[in-house]
Amino acid sequence: MADEVLYTRRDAVAVVMMNRPRYRNAQNSAMTYALDAAFARAVNDDEVAVIVLAGAGDHFSAGHDIGTPERDIDKSFDRHAVLWWDHVGKAGADNRYAREMEVYLGMCRRWREIPKPVIAMVHGACIAGGLMLAWVCDLIVAAEDAFFADPVVRMGIPGVEYFAHPWMLGPRFAKEVLFTGGRFSAERAYAVGMVNRVVPRTELEAATFAMAAEVAAMPSFGLALAKRAVNQCEDQMGLRPGMEAVFGLHHLAHAHNAEVRGDSLAGLDARGMKKAAK
Ligand code: ZN
């Protein structure tokens, strides 16, 4: 497994740790494929009852990699996910759609369906693509210092690829988050039902592992069925078809950007986004 993700096991809990702390755990494709491999390993290990997803360093994840030296959007990987054909060498929307269907939307949807409970342990930044990773988890424990945002409307894009916003935040607050691009606190996330617990930073790990141990004591097949039950109902409430429909709007925005604003991200990298926020 690549070192973009660290995998350890503590009793019945697998810990999947994003490991690009220097870049606030910005997700390049190497990381999403490593996450996919780590989750598969946890699912295939009968000793693992619960999975904890965390970020090394000061932040959970600042989002997708839009500008580090290891940004790898033109690279092919061992495509175990096989959710679309390889994007490398394709032009325009064919390239973008294939890549994002695989490494963003497709993988996130797969991870949401992992048959074991997954708990996100969130501290610091949880921005845009970081939100996607927290949202695919079943439970979220947040430190008081955690902050959340999806600022991609600044790029003219109507939200990140895994468009769960109305279901995770409620429609009204989802619009505020998208329209302003502003940060919201762990406390606010708790108030709208997006996270399960908010705890002091110093107690984050203990609180998360206590919850994991409590869940791990339940029968595994019962947990898998309970997870599926809630996920199926969420899909009946429109999550899956809603997300599928919005993915088209997302790619309309990428294509529009490529046509009139220089590139599919409207010429904005991580630094540009920071500047635009001020
Ligand atoms: Zn995109």
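**Close-up views of a predicted model**

**View 1. Strand pairing in the sheet.** L53 stands opposite A120 of strand 4. This is a predicted model, in which local features need pLDDT of at least 70 and side-chain atom pairs count only at pLDDT 80 or more, while totals for chains, interfaces and linings use all residues. Residues are numbered from 1 along each chain as its sequence is written, and side-chain values use heavy atoms, with hydrogens and water left out. Strand 3 and strand 4 (residues 118-122) pair in the parallel sense over three bridges; two strands pair if DSSP finds at least two bridges between them. Helices (H or I, at least four residues) and strands (E, at least two) are DSSP runs, numbered from the N terminus. The open sheet has six strands in the order 1-2-3-4-6-9, with mixed pairing. Strand 1 (5-10) and strand 9 (197-199) are its edge strands, each pairing on one side only.

**View 2. The zinc site.** E100 (OE), E100 (OE), E161 (OE), H250 (NE2) and H254 (NE2) coordinate the zinc ion at 2.1 to 2.2 Å. Donors are N, O and S atoms within 2.8 Å of the metal (3.2 Å for Na, K and Ca); water is not among the atoms, so sites may look incomplete. Along the chain, the donors follow the spacing E-x60-E-x88-H-x3-H. Because E100 belongs to helix 2 (residues 92-112) and H250 to helix 9 (residues 239-260), the pair ties together parts that are 150 residues apart in sequence. Both E100 and H250 are buried (buried, under 20% relative accessible area; exposed, over 50%; partly exposed, in between; 1.4 Å probe, protein chains only).

View 3. The side chains of D36 and R110 meet in a salt bridge (2.7 Å, N to O), defined as a side-chain nitrogen of Lys or Arg within 4 Å of a carboxyl oxygen of Asp or Glu. D36 lies in helix 1 (residues 29-44) and R110 in helix 2, so the pair ties together parts that are 74 residues apart in sequence. D36 is buried at 10% relative accessible area, whereas R110 is partly exposed at 35%. R109 forms a salt bridge with E244, with the closest N and O atoms 2.6 Å apart. This pair links R109 in helix 2 to E244 in helix 9, 135 residues apart. R109 is buried, with a relative accessible area of 12%, and E244 is partly exposed, at 33%.

View 4. In the salt bridge of E176 with R188, the closest N and O atoms are 3.9 Å apart. E176 lies in helix 5 (residues 171-180) and R188 in helix 6 (residues 186-191), so the pair ties together parts twelve residues apart in sequence.
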